[in-house]
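Dear colleague,

Please find below the structure that I am handing over to you. My notes on what was found in it follow directly after.

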Amino acid sequence: MATGAPAPAAVPGPPAGGAEPRGARFRGRAADRTAAPAGPGEAAPGDGEAAEAAERAAANAVYALQRLRAQGRTGEAHVLLCEALGGPPARLPALAAALHRAGFGADWATLLWEAASLPPARLAAVAGALADAGRPDDCEQLLRQGLARPVEELAGAVAALVAEGHDREAQALLTAFIRVRTPEEAARLAAVHPALLVPRLGVAARSLSAADDRALRHALRVGGVLGG
């Protein structure tokens, strides 16, 4: 008899041999996998069919999370959240909405924290999906949390955002970088991809203050990234 409730999702059993959770911050994590693009005949992200699939996946994940929490299986609940990062990024906004509706806003915050350590291209894909879905605050929080990573990885994230048409998010990431990292680190970042990053870092610095702009230009000259 139909009840209108989402179909129960399989609840993970306890990790064998006391294995540690596999999250975005653990070795061998499922979140490192980049979802394959849709093949012929498959629904592309943004289609009604894909949106329905995202809603079903979100409902099932929340159902499973509720059961795990009720049973005190917090480690497995964390694994379940982290494994959501291994799926299509376009499904994450639906999961965010479902988690908030169920009173699991703290779990969404945990998921964003985990996502901040994803590989650069994957991080950019998740940030872009959140921006496209009208969740700019989540996107900004994710990018801010990724600022501590090495400059080479941040350069890759900026390049991936720009390649996907998310220039606004790329600029927000660089502005946050100028705000919290040193001018010398900004120069090292720019040196990774000068043609892409020098003009964008300049815009970011000028948007903050004249002092930031001067400090950046000096660091770029000292670092040999900017002539004259």
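Asp213 is buried, at a relative accessible area of 15%, where buried means under 20%, exposed over 50% and partly exposed in between (1.4 Å probe, protein chains only). Its side chain meets that of Arg217 in a salt bridge (3.4 Å, N to O), a term for a side-chain nitrogen of Lys or Arg within 4 Å of a carboxyl oxygen of Asp or Glu. Arg217 is partly exposed, at 34% relative accessibility. Both residues belong to helix α11 (residues 210-222) and lie four residues apart, about one turn of the helix.

Please note that this is a predicted model, in which local features need pLDDT of at least 70 and side-chain atom pairs count only at pLDDT 80 or more, while totals for chains, interfaces and linings use all residues. Residues are numbered from 1 along each chain as its sequence is written, and side-chain values use heavy atoms, with hydrogens and water left out.

The count of salt bridges comes to nine. Another of them joins Glu169 to Arg168, with the closest N and O atoms 3.6 Å apart; Glu169 is buried at 8% relative accessibility, whereas Arg168 is exposed at 61%.

The protein has 11 helices and zero strands; these are DSSP runs numbered from the N terminus (helices: H or I, at least four residues; strands: E, at least two). Of its 228 residues, 38% are buried. The buried residues of helix α7, Leu154 and Val158 among them, pack against α5, α6, α8, α9 and α10.

With kind regards

Key. Contact = heavy atoms within 4.5 Å.
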